[in-house]
Amino acid sequence: MDGSIIHPGNRRPRQFVYPGRMRLSSRLPPGFELNALSALLARLRSEGRPVLDLTGSNPTRCGFAYPEADIRAALSVPAVLGYDPDPQGSRIAREAIATHHGHGLRAGELLLTASTSEGYGLLFKLLGDPGDEVLVPSPSYPLFDWLARLEGLQARPVPSYFHDRWHLDLGALEAAAGPRTRAVVVVNPNNPTGHFLSRAEWSALTALCGRLGLALLVDEVFADYALEPPADRLATALLDPDPPCPVFLLSGLSKVAALPQLKLGWIAARGPGAAECLDALAFLADQYLSVSAPAQAAAPALLALAPGIRGQVLARLRANLASLDAALTAHPHLSRLPVEGGWSVLLRRPAVDGDEACALRLLEQSGVLVHPGSFFDLPGDGHLVLSLLTPEETFRDGLARIFPSL
Ligand SMILES: Cc1ncc(COP(=O)(O)O)c(C=O)c1O
């Protein structure tokens with residue numbers, strides 16, 4: 001969902017008539033059209049109206065100083081010219097990823113994918129039959145809905161709740177689990193709420209999954225971006241060497257090195273049956289062999305560069321959060337939720353109009369693009385989602401333009 005206007009939250013099904021007797025899979029929406037916010041954005045841009053975008057999540061367009069020569073050198077090693085595919089991914093790349101994570105992770109516990117999103121596709125194929133479902137504590141990353149549907153599964157949202165901080169509703173998760181439930185999908189820290197699981201939540205959640213025979217998918221793409229982390233946070237699922245349920249950790253270069261264009265993600269498997277699951281995942285991956293040789297060959301060098309790039313990203317996130325806090329002091333009717341981690345912040349405003357209506361109004365009247373909380377299933381109206389990755393001046397100017405009308 002890298003700032004593009006075509007992410008799933010931006011599309012609304014429209015009835016579409018295909019020629020003759022042709023019919024597409026019912027896994028797809030019946031048609032495609034931009035939602036109202038994306039349509040308005042497209043119109044304003046076509047009219048040449050300048051827009052301050054406070055939603056950008058594509059790091060390559062946010063003005064970071066990438067070590068370009070080093071990245072090019074990483075992609076120029078002799079191995080980029082060879083093709084010696086391993087369905088699990090090249091050993092050398094997996095070893096570098098294992099070292100990046102630490103916590104005793106071994107190369108043998110990893111499988112490479114072309115992205116975290118592809119990792120979800122493989123895991124949903126691995127774990128479910130058409131008609132099965134996965135539980136997703138919400139609010140969460142909206143792509144899960146479609147990633148699950150495209151595999152014939154249903155992603156069932158289970159609302160989390162906010163009380164000083166976000167909490168998983170473990171009782172609701174247990175109540176929602178039925179005979180067709182195969183897995184729970186959590187994002188740690190979550191997008192867009194920034195919620196890190198607490199260690200107590202982790203123990204309870206893995207015990208619940210173990211008891212109900214569910215797998216646990218833990219998306220840790222933002223784990224390196226802790227901003228206001230509580231002391232009891234679960235920094236990574238890898239802190240648990242022996243979970244009572246199968247655990248699949250997902251991550252990738254897209255956030256770890258802010259290099260989404262490299263298209264390299266990975267799955268780490270632990271817990272009961274992990275070795276068998278990795279064999280099955282390798283069988284699935286072997287049907288596509290979608291991870292490019294250049295990305296795998298470059299991975300060790302890119303991971304060595306990643307801390308420098310992440311340092312810039314973290315500085316940006318902190319600077320924007322400080323600007324937001326400074327701006328909020330003059331507008332006491334507005335507030336923000338804590339950002340335990342990640343690239344987004346939730347702005348709370350009086351719900352005088354619906355979230356989407358408010359975002360449309362801000363775009364039309366102030367030329368500022370924000371995401372309505374409803375795109376991420378935030379409950380009620382009164383939340384806007386801002387990207388802390390936004391270039392600092394744009395972020396400050398955008399806030400100055402929209403605050404008076406919130
Ligand atoms: C929580 C989460 N998971 C996965 C992804 C996708 O990552 P990738 O580019 O590796 O597919 C994103 C992208 O924004 C995300 O926010």
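In this predicted model, the side chain of Asn191 places an N or O atom 2.8 Å from an oxygen atom of the ligand. The distances are set out below.

| Side chain | Ligand atom | Distance |
|---|---|---|
| Asn191 | oxygen | 2.8 Å |

Taken alone, the ligand exposes 400 Å², of which the protein buries 94%. The residues around the ligand are Ser115, Thr116, Ser117, Tyr141, Val187, Asn191, Asp219, Val221, Phe222, Ser254 and Lys255. Sorted by class, this shell comprises four nonpolar, five polar and two charged residues.

A separate feature is the pairing of two helices. The axes of α1 (residues 36-46) and α11 (residues 355-366) come within 10 Å and cross at roughly 5 degrees. Because angles under 35 degrees count as roughly parallel, α1 is described as roughly parallel to α11. On the α1 side, the contact is formed by Ala36, Leu37, Leu40, Leu41, Arg43 and Leu44. These residues meet Glu356, Ala359, Leu360, Leu363 and Glu364 of α11. The residues of this contact divide into eight nonpolar, no polar and three charged; Arg43 in α1 and Glu356 and Glu364 in α11 are the charged ones.

Notes. Residues numbered from 1 in each chain as written. Predicted model: local features only at pLDDT ≥ 70, side-chain atom pairs only at ≥ 80, totals over all residues. Heavy atoms only, no water. Axes fitted to C-alpha atoms, helices over the stretch in contact; angles between N-to-C directions. Helix = DSSP H or I, 4+ residues; strand = E, 2+ residues; numbered from the N terminus. Parallel < 35°, antiparallel > 145°, perpendicular 65-115°, else oblique. Contact = heavy atoms within 4.5 Å. Near = heavy atom within 4 Å. Polar contact = N/O pair within 3.5 Å; in protein donor to acceptor, adjacent residues only side chain to side chain. Areas by Shrake-Rupley, 256 points an atom, 1.4 Å probe, with all protein chains shown as cover.
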